[in-house]
Amino acid sequence: MKGKDLLSIHELTSEEVKQILNLAKELKAKQKAGIEHHLLKGKTLGMIFQKSSTRTRVSFEVGMYQLGGSALFLSGNDLQIGRGEPIKDTARVMSRYLDGIMIRTFNHDDVEEFAKYADIPVINGLTDLLHPCQVLTDLLTIQEYKGQNLKGLKLAYVGDGNNMVHSLMYGCAKVGMHFAVATPKGYEPNPEVTAKAIEDAKVTGGSILVTNDRIEAVKDADIVYTDVWASMGQEAEHDARVKIFQDYQINTELMQHAKADAMVMHCLPAHRGEEISEEILEKHADEIFDEAENRLHVQKAIMALTMCD
Ligand code: CP
Ligand code: NVA
């Protein structure tokens with residue numbers, strides 16, 4: 001994967017997904033055992049943030065340090081990009097200083113454009129459309145709880161048809177999982193992403209179901225997943241969305257329809273009492289916080305594979 005960008009799981013092969021997960025597992029074991037793994041000694045990652053972050057920022061920065069390199073936090077507001085310097089110029093300048101770049105922004109096309117003009121690997125740290133690093137992390141976490149073979153497992157997502165849903169669709173499709181999403185009417189996932197995920201799922205034996213019926217989605221699921229009802233950039237819609245989404249909460253009653261040993265996952269940050277009840281979040285806290293931890297291990301694998309010599 002040397003020199004490759006990581007913008008969308010759809011653009012990875014199933015083999016590359018496996019490679020990332022296997023290396024993440026190896027690096028996690030090394031880090032826990034205190035074995036040095038300086039695979040990116042002397043390299044620098046730039047991190048452009050045009051939205052807030054806790055997990056992404058800290059895990060990329062610590063990850064680079066553990067790989068023997070360093071990371072630079074670059075706030076979108078402080079860069080000249082915030083004053084109108086074109087993306088294509090910023091990308092070419094950054095390529096002269098850095099060995100890789102991670103970007104969190106609004107418009108997915110901006111990350112595509114950055115990658116087009118940069119000649120260093122570009123990693124998508126979340127856009128309005130996709131959140132691939134989170135979903136690769138989720139696949140590793142599912143392997144830890146449900147076993148190495150992901151094929152045939154059912155993941156049900158209940159809530160907003162947002163960036164998490166799009167990347168989960170792509171991720172599940174690539175590894176042969178069955179993915180079901182239930183949203184209120186009008187909040188379904190992007191139809192183009194859905195169509196591409198359906199094509200990917202045909203190749204691996206997975207499947208994609210889009211419904212407004214939360215019980216149909218959750219039925220016999222091995223994993224139940226949710227995310228915020230109002231994503232970053234949708235703060236003004238929050239109160240209206242709380243009313244529209246109120247029947248789409250992951251709670252004890254809805255979990256009755258999943259398998260008895262179903263995992264619950266959340267990319268975090270969580271809004272207890274909205275998309276997930278306090279009771280369910282705390283009951284599944286081990287899974288949810290392992291998921292958060294695994295951002296570190298998976299992103300180290302992504303950086304080591306794409307930014308290596
Ligand atoms: N899940 C996730 O990406 O968290 P942050 O927004 O805190 O980075
Ligand atoms: N859908 C959420 C994910 C946060 C990690 C957002 O975009 O705000």
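Asp220 counts as exposed because it has 12 C-beta neighbours inside 10 Å; the cut-offs are 20 or more other C-beta atoms within 10 Å for buried, 12 or fewer for exposed and anything in between for partly exposed, with C-beta atoms placed from the backbone. Its phi is near 60 degrees, a positive value in a residue other than glycine. Asp220 sits in the loop between helix H8 (214-218) and S8, where helices (H or I, at least four residues) and strands (E, at least two) are DSSP runs numbered from the N terminus.

This is a predicted model, in which local features need pLDDT of at least 70 and side-chain atom pairs count only at pLDDT 80 or more, while totals for chains, interfaces and linings use all residues. Residues are numbered from 1 along each chain as its sequence is written, and chains are lettered from A and ligands numbered from 1 in the order in which they are written.

**Backbone around Leu268 and Pro269**

- The peptide bond from Leu268 to Pro269 is cis, with omega near 5 degrees.
- Leu268 also has a positive phi, near 65 degrees, in a residue other than glycine.
- Pro269 belongs to the loop between strand S9 (263-266) and helix H11 (278-283), and Leu268 is found in the loop between S9 and H11.
- Leu268 counts as partly exposed, with 16 C-beta neighbours inside 10 Å.

**Ligand shells**

- Around ligand 1 are Ser53, Thr54, Arg55, Thr56, Leu126, Gln134, Cys267 and Leu268; a residue is near a molecule or strand if its C-beta atom, placed from the backbone, lies within 6 Å of it.
- The shell of ligand 1 divides into three nonpolar, four polar and one charged residues. Ala, Val, Leu, Ile, Met, Phe, Trp, Tyr, Cys and Pro count as nonpolar, Asp, Glu, Lys and Arg as charged, and the others, Gly among them, as polar.
- Ligand 2 is surrounded by Leu126, Asn162, Asn163, Met164, Asp227, Val228, Ser231, Met232 and Cys267.
- By class, the shell of ligand 2 has five nonpolar, three polar and one charged residues.

**Annotated binding site**

- An unreviewed UniProt entry places the feature "binding site" at Asn163, Asp227, Ser231 and Met232. These positions span 70 residues in sequence, yet no two of their C-alpha atoms are more than 11.6 Å apart, so they gather at one spot.
- UniProt positions are given in the numbering used here, feature names are shortened, and annotations may be inferred rather than shown by experiment.
- Ser231 lies in the loop between strand S8 (223-226) and helix H9 (238-244) and is partly exposed, with 19 other C-beta atoms within 10 Å.
- Beyond its neighbours within four places in sequence, Ser231 is in contact with Asn162 and Asn163; contact requires C-beta atoms, placed from the backbone, within 7 Å.
- Met232 is in the loop between S8 and H9 and is partly exposed, with 16 other C-beta atoms within 10 Å.
- With neighbours within four places in sequence left aside, Met232 is in contact with Lys51 and Ser52.

**Gly125**

- Gly125 lies in the loop between strand S4 (122-124) and helix H5 (132-146).
- Gly125 counts as buried, with 28 C-beta neighbours inside 10 Å.
- Residues up to four places away in sequence not counted, Gly125 touches Thr56, Met102, Ile103, Arg104 and Cys133.
- Gln299 is 174 residues from Gly125 in sequence and 9.9 Å from it in space, C-alpha to C-alpha.

**Helix H3**

- The buried residues of helix H3 (residues 87-97) are Ile87, Thr90, Ala91 and Met94. Seen down the axis of H3, they fall within an arc of 100 degrees, so they line one face of the helix; the arc is that of the directions from the helix axis to the C-beta atoms.
- Exposed residues Asp89 and Arg96 are on the face of H3 turned away from its buried side.
- Strand S1 (44-49), strand S3 (100-104) and helix H4 (108-117) pack against the buried residues of H3.

**Nonpolar core**

- The largest nonpolar core has 93 residues, of which Leu155, Ala156 and Val224 touch the most other members. Its largest share, eight residues, comes from helix H6 (residues 163-175).
- Such a core is a set of buried Ala, Val, Leu, Ile, Met, Phe, Trp, Tyr and Cys residues joined through C-beta atoms within 7 Å.

How values were computed: Two residues are in contact if their C-beta atoms, placed from the backbone, lie within 7 Å.
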